[in-house]
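Q: I am new to this structure and would like to learn how to read it, one feature at a time. Could we look at it together?

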Amino acid sequence: MTVTQAAPVRKNADREQRDRRWSILVLLCVSLLLITIDATVLHIAVPALTAALDPSAVQLLWIIDVYSLVVAPLLIVFGTLGDRYGRKRLVLCGYVLFGLASAGAALAPTPTALIGARALLGVGGAMIMPATLSLIRQVFTDRRERAIALGVWSAVAAAGAAVGPLIGGVLVGIWWPAVFLINVPILLALLPAAVRLLPDSPVRKDRPWDGRSAVLSVFGILALAFGLKEAGAGTLMPLWASVLVFLGGLGLLGAFVRRQRRLRVPLLEIGLFRRREFATGVAGVLLGVFSLVGLQLMLAQYLQLVLGDSPLRAAIRMLPLVVSAITGGLAAAHILPRIGMRATMSGGLGLVALSLTPTLGWGVEGHPVMLALCFVGIGFGVQVALLAASDTIMSSASETQAGGAAAIEETAYELGAGLGVAVLGTITTIVYAPALPAVPGVPAGEMNEARQSLASAAHVAHEVGGSAGGALMDAARWAFVNALHTTVVVSVVLLSLTAIAVAMLLSRD
């Protein structure tokens with residue numbers, strides 16, 4: 001084919017891609033929704049999981065957390081692989097693996113098997129997630145349309161995390177493995193649609209892919225996250241070993257950065273972080289998701305085990321978070337051009353901090369109206385801030401850097417989610433255990449088990465029964481509320497400091 005013959009073919013392909021861009025956006029958002037839901041779908045299923053598989057406190061933390069901890073270090077690898085070998089191909093492979101892992105999780109007979117299946121879900125999710133963002137950058141060439149598309153994408157990203165407990169609450173009431181099994185028919189429908197709709201991105205054979213850099217980034221991020229998690233929880237190793245793992249992760253990431261600076265064609269464009277807007281946007285995503293996802297897990301347990309809601313009722317009470325997250329993502333696309341990125345991002349983060357503050361005065365009594373208002377503020381504020389961050393991250397990168405920039409943003413999302421569960425969950429455990437005093441009539445062994453988590457205390461209280469069981473549950477509820485207040489304080493401080501930093505570092509535009 002000659003150059004003159006090829007030009008009309010390319011124009012027709014571009015025109016066809018533009019015509020179906022909104023259909024492509026729907027497909028990408030449904031894919032993203034499945035992946036983000038799986039990060040939080042188990043939050044409201046903790047009591048059901050504890051009853052069905054009887055995991056230890058350590059196993060329960062890993063069942064919840066391993067997904068995000070696996071996704072985070074692999075996003076850079078698969079984001080750059082998509083740039084090198086084609087994003088569509090990677091998405092299709094991710095669909096297949098995600099579907100198989102979902103079936104494996106649903107049929108898992110033991111906690112260990114479920115942990116393994118959740119890890120494979122993380123691998124499949126990491127194959128899909130960066131492509132959803134970089135394909136938007138490829139398909140939506142007009143910046144105004146791209147801002148709207150990113151607003152929808154950002155709304156889905158946070159709404160997925162928010163709607164996870166809602167879906168989990170509905171499905172757990174039927175059969176807990178259904179929280180995973182529902183993915184399979186959806187993926188079977190998405191696979192042929194993706195084959196037909198998704199555009200082929202160019203395969204860049206002239207762009208080398210550095211395996212050594214990939215190994216350094218994966219093990220660096222994994223060691224960093226794992227070391228930080230273990231330093232607080234101390235579930236698998238002593239504190240000194242956790243600190244060594246954390247420092248080892250920092251060393252590996254330092255070596256990764258040095259290698260990227262030496263390579264003619266780096267795996268990841270580290271130079272993007274020299275741009276203040278890009279670096280600030282990544283920090284906003286990381287801390288925003290950190291607070292949102294970590295607190296969701298705590299609040300889901302608060303509703304069920306402190307206030308006594310059923311999984312379905314707890315999920316329904318979290319519905320304002322879902323609705324406000326979607327509304328915030330759509331509204332942010334119109335707010336951002338009017339007031340600028342600085343006001344949008346710092347204002348959104350500040351709204352989340354303000355919305356969390358009333359919970360510091362709550363005890364074991366219900367606050368239905370105030371709780372709904374807090375959820376509205378949290379969902380809307382996070383989404384407005386994340387849209388501003390996402391727009392500046394993707395606008396700071398060229399098309400050839402889109403996969404790498406998307407991978408960095410997605411890594412911030414997943415690392416924030418994983419660390420939010422790990423760090424805020426660990427803080428809750430550290431404060432909760434000593435706050436639960438010995439209860440007359442409950443043996444010492446059972447008290448030690450009750451101090452592992454509020455879910456464990458509920459299990460022990462049920463086994464002990466009688467007035468001793470009731471007294472144990474009352475004491476455990478108050479201990480958990482005290483721990484929840486501590487995590488809220490940590491989140492409010494982090495969000496407020498980030499909002500101030502954004503206001504100081506970013507320009508008005």
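Q: Is Ala72 buried or exposed?

A: Before the answer, a word on the source: this is a predicted model, in which local features need pLDDT of at least 70 and side-chain atom pairs count only at pLDDT 80 or more, while totals for chains, interfaces and linings use all residues. Residues are numbered from 1 along each chain as its sequence is written, and side-chain values use heavy atoms, with hydrogens and water left out. As a general idea, a residue is called buried under 20% relative accessible area, exposed over 50%, and partly exposed in between, with a 1.4 Å probe and protein chains only. Ala72 is buried, because its relative accessible area is 2%.

Q: In which helix is the place of Ala72, and what separates its C-alpha atom from that of Ala126?

A: Helices are DSSP runs of H or I with at least four residues, numbered from the N terminus. Ala72 belongs to helix 4, which covers residues 57-85. Ala72 and Ala126 are 54 residues apart along the chain, and their C-alpha atoms are separated by 7.5 Å.

Q: Where does Leu216 lie, and is Leu216 buried or exposed?

A: Leu216 is part of helix 10, residues 211-233, and it counts as buried because its relative accessibility is 16%.

Q: How many salt bridges are found in the whole structure?

A: The general idea is that a side-chain nitrogen of Lys or Arg must be within 4 Å of a carboxyl oxygen of Asp or Glu. A search of the whole structure finds 1 salt bridge, in which Asp474 pairs with Arg477 and the closest N and O atoms are 3.2 Å apart.

Q: Where do Asp474 and Arg477 lie?

A: Both are in helix 19, 3 residues apart, which is about one turn of the helix. An α-helix has 3.6 residues a turn, so residues three or four places apart point the same way. Asp474 counts as partly exposed at 45% relative accessibility, and Arg477 likewise counts as partly exposed, at 22%.

Q: Which residues form the nonpolar patch on the surface?

A: Patches are made of residues with over 30% relative accessible area and no salt bridge, where like charges are joined within 9 Å and nonpolar side chains (Val, Leu, Ile, Met, Phe, Trp, Tyr) within 5 Å. The nonpolar patch consists of Leu360, Val489, Val493, Leu497, Ile500, Met504 and Leu505, and together they have about 640 Å² of accessible area, a quantity that comes from the Shrake-Rupley method with a 1.4 Å probe, for which only the protein chains shown count as cover. Met504 is found in helix 19, residues 466-505, and counts as exposed because its relative accessibility is 67%.

Q: Which residues gather in the patch of negative charge?

A: Asp and Glu count as negative, Lys and Arg as positive, while His and the chain ends are not counted; the place of a charge is taken as NZ of Lys, CZ of Arg, CG of Asp or CD of Glu. Here the negative patch on the surface gathers Asp54, Glu446, Glu449 and Glu463. Glu446 is found in helix 17, residues 444-450, and is partly exposed, with a relative accessible area of 33%.

Terms used: Helix = DSSP H or I, 4+ residues; strand = E, 2+ residues; numbered from the N terminus.
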